[in-house]
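Here's a model to look at together. Let's go through a few questions about its side chains and who sits next to whom.

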Amino acid sequence: MVHPVQSVIESLYAAGRCPRLHVDATHASVTVPDFIRQQWRERLIIDLDASYPLDLVFGESGLAADLSFGGHVTRCSFPWESIYIVTDRSTGRGIVLDRHVPESVKRQAAGQQPAPAFDNAITKVEPPAEPKPELRRVEAEPAEEAPAVAEAAPPAAAPSPSDDQAKKRRAAFRVIDGGG
């Protein structure tokens, strides 16, 4: 019998998609470099990009693949119990294996949004919403007064701002790091 994780991965590959795994790297049987286990703990995310020579192998108890971390290729293995989400990298659609989700992830998700109560069901996994920056209205500065003209000129189209005014307005903007 094919494990549901394997089934979803194979379906994504067949559709020309890239599977993304969410893995509990603290699981005792997970084989990854120690620095990866310490850095990502229960929230290791792995893209099984078919354009990279993964040498992906499915077994009775899990999967193994050659993965690159910072340019260093390592043979890694993940038991089925350590994989709790499998999605399409580009759409976020996939499965959540509720019984495999680590308690710390469930607690954190419960504080941010309702925890998914699905097991082997298709669901859209979305990242937690980030707080929106506060916005304020920026009033235009009064236009410079034009000198009086003896003859009435035809009404002009909307006045274009001077370079100085445009520079002042641009300076009011600030760059917000949207990394991630």
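Q: Leaving aside neighbours within four places in sequence, which residues is T74 in contact with?
A: Keep in mind that this is a predicted model. T74 lies in strand β5. Skip its neighbours within four places in sequence, and the residues in contact with T74 are P33, A65, D66 and L67.

Q: Is T74 buried or exposed?
A: The relative accessible area of T74 is 18%. Buried means under 20%, so T74 counts as buried.

Q: How many aromatic pairs does a search of the whole structure find, and how is the pairing of F58 and W80 classed?
A: The search of the whole structure comes up with 1 aromatic pair. The ring centres of F58 and W80 are 6.3 Å apart, with the planes at 15°. Planes under 30 degrees apart count as stacked, so this pair is stacked.

Q: How many residues apart are F58 and W80?
A: F58 is in strand β3, residues 57-58. W80 sits in the loop between β5 (72-79) and β6 (83-88).

Q: How many disulfides does a search of the whole structure find?
A: C18 is buried at 8% relative accessible area, and C76 is buried at 1%. As for disulfides, the search of the whole structure finds 0.

Technical notes. Residues are numbered from 1 along each chain as its sequence is written. This is a predicted model: local features need pLDDT of at least 70, side-chain atom pairs count only at pLDDT 80 or more; totals for chains, interfaces and linings use all residues. Side-chain values use heavy atoms; hydrogens and water are left out. Rings of Phe, Tyr and Trp (its six-membered ring) pair if their centres lie within 6.5 Å; planes under 30 degrees apart count as stacked, over 60 as edge-to-face and the rest as tilted. Helices (H or I, at least four residues) and strands (E, at least two) are DSSP runs, numbered from the N terminus. A disulfide is a pair of cysteine sulfur atoms within 2.5 Å. Buried means under 20% relative accessible area, exposed over 50%, partly exposed in between (1.4 Å probe, protein chains only). Contact means heavy atoms within 4.5 Å.
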